[in-house]
Amino acid sequence: MVVAIQPHCDDVPIFAAGTVLKLIDEGCTGYLITMSDDSMAGAGATFGEIVRKNEQDTLEVSKRLGCREAFFLKYPNHNMDAWPIAEMRARLAFLFRLWKADIVVVYDPSSLYERNPDHYVTARAVEWAAAIAGSHWDYPEHFKAGLTAHAPKERYYFARGPQLVNRVVDISDFIDQKVHVNLANTTQGPAGNTGSTIRKRLAEQGKRLPILGNDDETANREYVKHFALGRDRSRGQAHGLEYAEYFHYIGPDEADMDPSYVEANAVPL
Ligand SMILES: [Zn+2]
């Protein structure tokens with residue numbers, strides 16, 4: 001069970017969609033949580049229209065990722081640092097227990113120079129929610145409602161700025177699907193219709209870029225693959241791969257005393 005958590009509709013698509021697609025392809029069930037109400041970014045005539053368009057894009061992103069459900073927590077966009085993080089943590093812990101989440105994918109709570117409060121607040125809320133979801137003392141009312149303590153065992157942390165990278169995921173086989181996911185974000189983000197917009201602007205000047213092809217659909221797709229996701233190509237090439245995503249990965253805790261030590265060393269009383 002993999003749960004990808006993002007503050008905004010374009011975060012997981014840009015930084016982690018290849019890995020989420022790969023995990024789902026390997027047999028995981030996926031859920032996508034969007035923390036903010038996405039009311040402050042994107043193209044639209046009114047505040048309400050932007051929220052609606054971003055919501056529709058997110059539902060399409062979730063579908064293209066192959067997730068079972070897209071869930072919205074609706075915190076105020078660009079102002080998540082004004083909201084109690086303890087409340088976010090409790091809601092996330094509830095969902096991790098409900099879905100029996102094994103893996104979380106989210107912004108790195110320890111990355112440097114992250115300037116967007118929605119990004120670092122989300123990261124910090126998930127960081128501790130994923131720990132205490134496994135505690136038998138936290139939120140005992142959940143147990144009255146039939147849930148059990150259950151903590152995700154693996155964390156994939158992605159970042160915009162510098163981070164301690166200890167896992168490079170080869171997404172070469174999933175890059176075209178990742179492009180398809182990013183194309184669903186037509187309201188905000190670097191993908192959507194950017195390629196066809198550039199193609200149109202150049203055509204007005206009597207020019208064209210061969211890399212963007214001969215129609216709008218190709219232009220959008222090729223723009224995302226070569227430019228919006230150019231980061232994945234350079235990250236891949238640095239490790240002898242075509243395309244890759246970077247993470248700080250935290251795996252399952254290891255027991256301080258290996259059970260095999262007891263097996264080998266226990267003697268009769
Ligand atoms: Zn964001």
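Asp170 counts as partly exposed because its relative accessibility is 30%; in this scheme buried means under 20% relative accessible area, exposed over 50%, and partly exposed in between (1.4 Å probe, protein chains only). The model is predicted, so local features need pLDDT of at least 70 and side-chain atom pairs count only at pLDDT 80 or more, whereas totals for chains, interfaces and linings use all residues. Residues are numbered from 1 along each chain as its sequence is written, and side-chain values use heavy atoms, with hydrogens and water left out.

**Surface patches**

- Asp170 lies in strand 6 (residues 167-170); helices (H or I, at least four residues) and strands (E, at least two) are DSSP runs, numbered from the N terminus.
- Asp170 also belongs to a negative surface patch, together with Asp25, Glu26, Asp173 and Glu242.
- Patches are made of residues with over 30% relative accessible area and no salt bridge, with like charges joined within 9 Å and nonpolar side chains (Val, Leu, Ile, Met, Phe, Trp, Tyr) within 5 Å.
- A salt bridge is a side-chain nitrogen of Lys or Arg within 4 Å of a carboxyl oxygen of Asp or Glu.
- Lys and Arg count as positive and Asp and Glu as negative, while His and the chain ends are not counted; the place of a charge is taken as NZ of Lys, CZ of Arg, CG of Asp or CD of Glu.
- Leu209, Ile211 and Phe227 make a nonpolar surface patch of about 250 Å²; accessible areas come from the Shrake-Rupley method with a 1.4 Å probe, and for residues only the protein chains shown count as cover.

**Parallel strand pairing**

- Strand 1 (residues 2-6) is joined to strand 2 by five bridges, and the two run parallel; two strands pair if DSSP finds at least two bridges between them.
- The bridge partner of Val2 in strand 2 is Gly30.
- Strand 2 (residues 30-36) is mostly covered, with seven of its seven residues buried.
- Strand 2 also pairs with strand 3 in the parallel sense, over five bridges, and here Ile33 has Phe71 in strand 3 as its bridge partner.
- Three bridges connect strand 1 to strand 4, again in parallel, with Ala4 opposite Val105 of strand 4.
- Strand 4 pairs in the parallel sense with strand 5 (residues 154-158) over five bridges, and Tyr157 in strand 5 is the bridge partner of Val106.
- Strand 4 is mostly covered as well, since five of its five residues are buried.

- Leu73 lies in strand 3 and is buried, because its relative accessible area is 4%.
- Leu73 and Pro7 are separated by 66 residues in sequence, and their C-alpha atoms are 9.3 Å apart in space.
- Lys74 is likewise found in strand 3 (residues 69-75), but it counts as exposed because its relative accessibility is 59%.

- Lys74 has a phi near 65°, a positive value in a residue other than glycine.
- Lys100 has a positive phi too, near 50°, and is likewise a residue other than glycine.
- Lys100 is placed in the loop between helix 4 (85-99) and strand 4 (103-107), and it counts as partly exposed because its relative accessibility is 39%.
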